Amino acid sequence: MCWGANNLGQLGDSTNTGRLTPNTIPGLTQVTTVASEATAAHTCALNNSGTMTCWGLNASGQIGEGTSTNRNVPISPTGLSSGVAAIAVGNTHTCAVTTAGAAMCWGQNNLGQIGDNTASNRFAPTAVIGLASGVAAMTAGNAHTCALTTAGAVQCWGFNNYGQLGNNSTTNSAVPVAVSGLSSGVVAIAAGEFHTCAISSGGSLQCWGRNDFAQLGDGTTTVRLTPTAVSGLASG
């Protein structure tokens, strides 16, 4: 169910009428995951049979069905009507992990957030370089993307102005780069607009990237280019 603004079809109910209360999306059943980034105007869902659908703003191809036409009803990205294990939504790009463990992304790519070593927008799912297998989960921020591998490693790509890729630089990368110190032992990841966090198998939390509002939780407002321990969350 969705509610709120609907000028771009982001509620998926076949209208462009805003809703003040939760409104059922026709045709979506057995949904297991819903994903939308905080500043995005598109949403995606995954059901328990591995079908992925998206709706809303599509100016950069973030719906993934081959056009730039906004969609006010759920539609499957090209080739992903089955076989999807996990999804992630960025501001104007979208990603999926297939049941074979491959990472695919599409949509806006001006800062390398698709991970295909280009800066060309992609209107259909596109393979992320070097991640054809072994991916367990993905997360997406404003214009950066990260993947968690089945070996517990984290790789990120895209916009890096605040160090949100975690590789001790502020250089954008159009291909996945290893996050410093996180080559194993990670069980979960999450991206904010310009920062990223990871939970280790030991239950500790680390974050990196933009920190002007203390979003890294390390007791400072200093930008961090590599994973930094969150105060008081070394375990549990």
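Select Cys146 and Cys156 to begin: the torsion about their S-S bond is 105°, and the link is right-handed. Their sulfur atoms lie 2.0 Å apart, and a disulfide is here a pair of cysteine sulfur atoms within 2.5 Å. Cys146 belongs to strand β12 (residues 144–149) and Cys156 to strand β13 (residues 154–158), so the bond ties together parts that are 10 residues apart in sequence. Strands (E, at least two residues) and helices (H or I, at least four) are DSSP runs, numbered from the N terminus. Cys146 counts as buried because its relative accessibility is 0%, and Cys156 is buried with a relative accessible area of 0%. Buried means under 20% relative accessible area, exposed means over 50%, and partly exposed lies in between, computed with a 1.4 Å probe on protein chains only.

The model on display is predicted: local features need pLDDT of at least 70, side-chain atom pairs count only at pLDDT 80 or more, and totals for chains, interfaces and linings use all residues. Residues are numbered from 1 along each chain as its sequence is written, and side-chain values use heavy atoms, with hydrogens and water left out.

## The other disulfides

A disulfide is a covalent bond between the sulfur atoms of two cysteines. A search of the whole structure finds 4 of them. When the bonded cysteines of the protein chain are numbered in sequence order, the pairing reads 1-2, 3-4, 5-6, 7-8.

Next, select Cys44 and Cys54, a disulfide whose sulfur atoms are 2.1 Å apart. The torsion about this S-S bond is about 105°, so the disulfide of Cys44 and Cys54 is right-handed. Cys44 sits in strand β4 (residues 42–47) and Cys54 in strand β5 (residues 52–56), so the pair ties together parts that are 10 residues apart in sequence. Cys44 counts as buried at 0% relative accessibility, and Cys54 is buried with a relative accessible area of 0%.

Which cysteine is in no disulfide? Select Cys2: the nearest cysteine sulfur, that of Cys44, is 11 Å away. Cys2 is buried, with a relative accessible area of 12%.

Move on to Cys95 and Cys105, which form a disulfide with their sulfur atoms 2.1 Å apart. The torsion about the S-S bond is about 105°, so the disulfide of Cys95 and Cys105 is right-handed. This pair links distant parts of the chain, 10 residues apart, with Cys95 in strand β8 and Cys105 in strand β9. Both Cys95 and Cys105 are buried.

## The sheet from β7 to β10

Select the strands in the order β7-β8-β9-β10: they form an open sheet of 4 strands with antiparallel pairing. The edge strands are β7 (84–89) and β10, each of which pairs on one side only. From one strand to the next, the twist averages 20°; axes are lines fitted to C-alpha atoms (for helices over the stretch in contact), and angles run from 0 to 180 degrees between N-to-C directions.

Strands of a sheet pair through backbone hydrogen bonds, either parallel or antiparallel. Two strands count as paired if DSSP finds at least two bridges between them. Strand β8 (residues 93–98) and strand β9 (residues 103–107) run antiparallel and are joined by 5 bridges.

Now select Thr126, which lies in strand β10 (residues 122–127). Thr126 counts as buried because its relative accessibility is 17%. Leaving aside residues up to four places away in sequence, Thr126 touches Ala103, Met104, Cys105, Ile114 and Asp116, where contact means heavy atoms within 4.5 Å.

## The aromatic cluster

Finish with Phe159, Tyr162 and Phe194, which ring pairs link into a cluster. Rings of Phe, Tyr and Trp (its six-membered ring) pair if their centres lie within 6.5 Å; planes under 30 degrees apart count as stacked, over 60 as edge-to-face and the rest as tilted.

How many aromatic pairs does a search of the whole structure find? The search finds 2. The ring centres of Phe159 and Phe194 are 6.2 Å apart and their planes are at 70°, so this pair is edge-to-face. Phe159 counts as buried at 18% relative accessibility, and Phe194 is buried with a relative accessible area of 14%. Tyr162 and Phe194 form a tilted pair, 5.5 Å centre to centre with 50° between the planes. These two residues are 32 residues apart, Tyr162 in the loop between β13 and β14 and Phe194 in the loop between β15 and β16. Tyr162 is partly exposed, with a relative accessible area of 24%.
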